[in-house]
Amino acid sequence: MKKRLVALVLVVVLVVIPSVVFGADENVESAINTIWVLVAAFLVFFMQAGFAMVEAGFTRAKNASNIIMKNMMDVAIGSLVYFAIGFGIMFGADKFGLFGTTGFFGTGLSAEFLGLSIPLEAFLIFQTVFAATAATIVSGAMAERTKFSSYIIYSFVISIVIYPVVGHWIWGGGWLSNLGMVDFAGSTVVHSVGGWAALVGAAILGPRIGKFTKAGKPNAIPGHNITMGALGVFILWFGWFGFNPGSTVSGMDSSIGFIAVTTNLAAAAGGVITMFVTWIKYGKPDVSMTLNGVLAGLVAITAGCASVSLGGAIAIGAIAGVVVVYGVELLEKVLKVDDPVGAVAVHGFCGAIGTILVGLFATEGGLLYGGGFELLGIQSLGVISVAAWTLGTSFLLFKAIKKFNGLRVEEHHEVAGLDIGEHGSVAYGDFQLKSLDTGK
Amino acid sequence: MKKRLVALVLVVVLVVIPSVVFGADENVESAINTIWVLVAAFLVFFMQAGFAMVEAGFTRAKNASNIIMKNMMDVAIGSLVYFAIGFGIMFGADKFGLFGTTGFFGTGLSAEFLGLSIPLEAFLIFQTVFAATAATIVSGAMAERTKFSSYIIYSFVISIVIYPVVGHWIWGGGWLSNLGMVDFAGSTVVHSVGGWAALVGAAILGPRIGKFTKAGKPNAIPGHNITMGALGVFILWFGWFGFNPGSTVSGMDSSIGFIAVTTNLAAAAGGVITMFVTWIKYGKPDVSMTLNGVLAGLVAITAGCASVSLGGAIAIGAIAGVVVVYGVELLEKVLKVDDPVGAVAVHGFCGAIGTILVGLFATEGGLLYGGGFELLGIQSLGVISVAAWTLGTSFLLFKAIKKFNGLRVEEHHEVAGLDIGEHGSVAYGDFQLKSLDTGK
Amino acid sequence: MKKRLVALVLVVVLVVIPSVVFGADENVESAINTIWVLVAAFLVFFMQAGFAMVEAGFTRAKNASNIIMKNMMDVAIGSLVYFAIGFGIMFGADKFGLFGTTGFFGTGLSAEFLGLSIPLEAFLIFQTVFAATAATIVSGAMAERTKFSSYIIYSFVISIVIYPVVGHWIWGGGWLSNLGMVDFAGSTVVHSVGGWAALVGAAILGPRIGKFTKAGKPNAIPGHNITMGALGVFILWFGWFGFNPGSTVSGMDSSIGFIAVTTNLAAAAGGVITMFVTWIKYGKPDVSMTLNGVLAGLVAITAGCASVSLGGAIAIGAIAGVVVVYGVELLEKVLKVDDPVGAVAVHGFCGAIGTILVGLFATEGGLLYGGGFELLGIQSLGVISVAAWTLGTSFLLFKAIKKFNGLRVEEHHEVAGLDIGEHGSVAYGDFQLKSLDTGK
């Protein structure tokens with residue numbers, strides 16, 4: 001009898017209790033991870049409001065409705081298209097290391113296949129809001145002169161193929177992820193893709209009427225609501241706490257606090273350094289450039305936020321704070337590209353530089369920490385490859401749109417404002433505006 | 001001795017350890033649920049800012065202070081009144097399936113009685129912010145001409161009785177919940193109650209001066225800040241991720257990610273379809289209607305967000321995106337009711353249609369999934385009963401206010417703006433406005 | 001053999017399983033706490049956007065860029081400086097009960113030393129956003145006339161020493177915490193420090209041009225965007241749900257729901273009471289004062305949100321709603337101090353009164369609950385000591401800045417606006433503004 005008792009005890013101890021305990025724990029840990037990923041996804045979603053406020057605030061009142069309409073459609077079209085196609089290209093079963101081939105229309109993928117500790121849909125919503133971010137970056141650089149219908153088309157194509165392919169390379173088991181490239185939350189995947197597409201789009205589109213003098217000297221075209229632009233930057237900074245710490249895709253990961261700190265320090269350093277650079281360079285601390293300096297720091301730390309030290313985060317943010325000022329000048333004065341909100345410099349240049357700096361500052365494998373040149377080389381290769389893919393595909397895309405649909409509104413619509421020309425309404429009907437008819 | 005040892009082991013194994021383990025787990029799961037409900041409550045609270053921005057942005061500058069004051073008071077008065085009375089009517093011990101009778105002033109109810117896995121106060125704050133939402137919907141439809149004191153009164157009555165009674169029917173153990181009606185996060189409980197009260201209020205109040213020509217043709221009265229209105233829509237979309245997924249009242253519920261996806265897809269489909277409908281119908285994609293299309297999709301999916309498939313969510317959002325356009329036209333052109341922000345169409349019509357569509361699209365019990373007509377019948381009965389109750393009680397309410405306090409400001413105050421007439425100040429003191437004295 | 005079997009069973013039961021179970025639980029509880037603290041920190045961070053909108057909205061259009069630049073720099077400089085020095089002064093190894101001496105530049109402190117159940121960095125980011133709040137309060141009171149460079153200096157000094165020392169006294173193991181002072185989330189630590197520094201700054205700076213008539217009668221100088229100010233108040237209310245419930249620094253603490261409710265009720269009561277006070281006093285419900293009434297309730301409940309009953313929370317909010325109205329009058333009419341946004345009354349007076357009221361309303365130790373005068377005495381001593389420290393140090397600070405850098409912009413810059421004078425740009429380039437050149 002004792003034998004059976006002992007046997008019973010053994011079964012209970014070794015089988016029943018652990019299964020109950022670990023079963024419960026798995027549920028608990030999955031719930032913790034799911035809550036964390038969802039909260040992060042909601043914060044990243046809210047960044048869309050930040051982009052809308054920054055882009056509308058930094059451009060002119062006559063185009064404000066058009067801009068917020070574009071931003072709203074980014075999320076809307078992006079959500080549908082990414083669900084239908086993009087998610088599968090990014091995370092579906094790999095082909096040649098280049099793209100995914102399963103998981104379209106919410107079918108054919110599972111949490112198990114992806115190795116997730118959260119339900120598939122929690123991962124899908126998190127990835128959806130990231131995809132929408134990439135598309136929305138482009139609209140800032142092409143603001144105030146792009147046909148709305150053409151905008152719809154390119155937003156569609158970026159969400160359905162250009163962004164997901166890069167995502168597959170680096171996050172979806174593709175060739176760059178196999179090489180060991182570090183792009184934790186997407187300095188390259190999200191921001192540089194947006195930035196390079198923005199560069200091509202703005203270049204093919206040409207500058208706004210009045211942006212350059214006949215001699216090619218750039219005129220400043222100030223935004224119509226800097227306060228609102230600043231609100232947008234605060235919202236983006238806020239949302240970035242979902243973007244970076246959320247990219248652990250796990251609330252059980254004890255580094256989420258650390259990542260929040262690196263993110264915050266880089267943003268702070270970016271803002272402070274840009275302020276001093278403009279103060280020295282122009283004699284006064286420049287408001288809209290400083291706001292972009294904060295964003296530059298955030299974009300740059302996004303790749304390395306989990307891999308660098310707190311001091312390294314400050315350094316990366318500070319470097320981005322310098323890069324953004326000279327990047328804007330390079331675009332305007334040398335390349336003669338008109339980017340109304342500075343999206344190319346912030347997202348393209350600082351996204352690239354931030355990714356490469358991981359090769360210097362990563363505490364494991366970074367050059368400055370004795371890791372040699374390997375990581376630096378991989379990071380650089382990744383940045384260059386993504387730039388080549390995005391510049392190439394968006395060149396084809398914008399050229400095709402230009403040919404078949406026209407990319408730019410008619411001149412009189414640009415002068416009167418896209419709100420009237422494209423949507424038949426104005427954003428600020430009760431306010432007296434300055435000389436709308438002069439194009440300013 | 002061995003006997004006693006074995007007995008000791010048995011006690012430890014079968015009593016001590018499980019109690020420790022499950023005790024701990026209960027605390028952990030309660031904490032997870034509490035955090036989830038609180039975060040959701042905070043997001044829903046923030047929707048108040050969204051409503052304020054949408055309502056102020058879509059109306060005229062001369063009434064902006066009045067509108068934000070009304071929205072602020074909705075939350076403030078609503079929070080106090082719902083705590084004191086409303087919560088008890090909604091969740092107190094049931095009487096006749098019609099209303100609750102305990103739980104007033106924070107006493108007499110417990111988490112145990114309500115079967116909650118979270119502290120009572122966490123549930124109270126979650127329900128409080130929902131109650132405030134119902135009240136605030138009304139203010140949009142009655143904007144730009146309602147006496148502030150009358151607004152205070154009806155906001156008070158809606159929060160104290162009209163909304164809680166419906167809440168009891170469907171969520172508090174009342175007759176509709178017993179029938180099996182599905183209104184997961186409140187398309188009917190919250191949105192249609194607000195929408196129907198808004199309809200009655202706007203109808204009794206009459207249109208704004210200048211809204212209709214003598215021949216009865218509606219004039220467009222554009223909002224004064226569409227950018228701010230768009231910010232409001234982004235905030236509402238963001239807050240809806242608390243509204244719907246939070247309505248599990250449990251972070252351990254593995255469907256929260258799924259609900260976030262259905263919510264997002266319906267919003268996206270609503271926005272896209274409304275945009276195309278207006279594009280085809282009016283020749284250009286309409287900005288403020290598209291913004292309302294997003295809200296329409298969100299309102300409509302709120303009832304069924306946990307019961308329909310991802311494809312079903314897209315369908316429901318798309319249907320709402322059509323309904324909202326024709327609903328606005330119906331109100332203006334046929335019923336001649338002046339609803340400045342479209343609250344009746346968005347919250348009333350789309351709340352009702354969304355609830356009924358659960359009877360078609362629910363994967364368990366929906367007509368399209370072989371569930372027959374039962375659920376469809378229950379959903380329709382619920383929608384009709386709630387409409388009858390709300391239309392009836394708010395008719396009495398607004399008639400009584402009109403008789404004893406007056407519902408509408410004096411004509412010269414409406415012309416000059418409610419900011420000056422009701423509050424003695426203006427919202428935009430530094431800006432040159434257009435022809436304030438003409439009533440425009 | 002049986003002996004060894006039993007022994008094995010005993011080891012498994014008493015050693016292996018508990019260690020696995022409790023090990024897992026510790027990770028789970030730490031994760032829950034970390035997520036809670038981070039989400040709260042993000043919400044508190046977002047309050048910076050709220051402060052920016054309130055301060056910009058309640059002042060004039062010509063200074064809007066300057067104000068948002070100041071608020072952005074508060075966070076940026078505050079984050080860097082608090083990381084480098086402030087955190088160590090506040091939480092480092094205690095010296096004389098007055099200040100900490102370790103933990104600078106992210107080194108020398110650990111979660112173990114601080115008795116935290118979360119990683120050190122999660123605590124650091126939470127404390128960082130609190131520190132930034134104290135500094136930003138000052139900028140409102142000194143708005144529209146302070147030199148930007150002087151602002152940078154005082155923001156730096158407050159974040160590096162004035163605030164952290166008070167923080168050490170009450171939260172970091174200093175003398176007031178040893179006495180048993182209750183300041184749960186910082187009515188005194190954060191808000192009154194900001195408020196007293198604001199009082200000194202505004203007094204030394206002197207009133208804005210045109211604020212007082214030659215006879216000393218105050219003129220109203222209305223804000224330029226009340227809608228935006230209201231958005232700011234909504235954002236602050238939203239963020240306060242991180243500020244107060246997050247100050248448990250634990251998501252396992254079952255009182256977080258309760259704290260959310262006390263916070264919300266006090267805000268509601270503050271807003272409602274202020275509205276009625278202004279209605280009675282001025283004949284019409286005042287919009288911007290009511291918005292400040294909400295903030296007054298929030299500031300006042302911050303000390304006692306975890307110690308008072310729900311009824312007590314309503315009482316504290318209501319008292320603050322009265323105090324803020326008369327506080328603003330006291331400042332303007334008696335003290336002749338020009339505080340453009342009411343920061344001194346809201347954060348200084350209501351922070352102090354809210355802290356003292358804990359001595360009356362605390363359900364454990366409060367005078368009204370039979371606790372005698374001890375707690376009341378300690379609370380009062382704390383409030384007075386912090387006021388003395390802050391008034392004294394900020395007097396020295398502002399006098400020194402005035403002497404060595406100058407505190408105020410030149411008169412013609414104040415008249416034309418600080419946006420042009422200090423930053424060479426304007427916030428609303430497309431809008432027709434009223435008579436900017438008259439100083440109005």
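## Ground rules

This is a predicted model, where local features need pLDDT of at least 70, side-chain atom pairs count only at pLDDT 80 or more, and totals for chains, interfaces and linings use all residues. Residues are numbered from 1 along each chain as its sequence is written, chains are lettered from A and ligands numbered from 1 in the order in which they are written, and side-chain values use heavy atoms, leaving out hydrogens and water.

## Salt bridges

Across all chains, a search of the whole structure turns up 21 salt bridges (a side-chain nitrogen of Lys or Arg within 4 Å of a carboxyl oxygen of Asp or Glu). Back to the opening pair: A:Arg208 is in the loop between helix H6 (187–205) and helix H7 (226–243) of chain A, and A:Asp338 is in the loop between helix H10 (310–334) and helix H11 (343–361), so the bridge ties together parts 130 residues apart in sequence. Helices here are DSSP runs of H or I with at least four residues, strands are E runs of at least two, and both are numbered from the N terminus. Both A:Arg208 and A:Asp338 are buried (under 20% relative accessible area; exposed is over 50%, partly exposed in between, with a 1.4 Å probe and protein chains only). The two also belong to a salt-bridge network with A:Arg60 and A:Glu144.

In chain B, B:Arg208 bridges to B:Glu144, with the closest N and O atoms 2.3 Å apart. B:Arg208 has a relative accessible area of 4%, and B:Glu144 has 0%. Over in chain C, C:Lys211 and C:Glu332 meet at 2.7 Å, N to O. That pair links a loop to helix H10 (residues 310–334), 121 residues apart.

## The nonpolar core

The largest nonpolar core has 474 residues (buried Ala, Val, Leu, Ile, Met, Phe, Trp, Tyr and Cys joined through side-chain atoms within 4.5 Å). Among the members touching the most others are C:Tyr163 and C:Phe238. Leaving aside neighbours within four places in sequence, C:Tyr163 is in contact (heavy atoms within 4.5 Å) with residues including C:Tyr82, C:Phe130 and C:Trp171.

## Three chains, one axis

Chain C superposes on chain A by a 120 degree rotation with 0.0 Å of shift along its axis (RMSD 0.0 Å). That's the relation of a three-fold axis. Superposition is by least squares on C-alpha atoms of residues with pLDDT of at least 70 in both copies. C:Gln432 comes closest to the axis of chain C's residues, at 3.2 Å (C-alpha).
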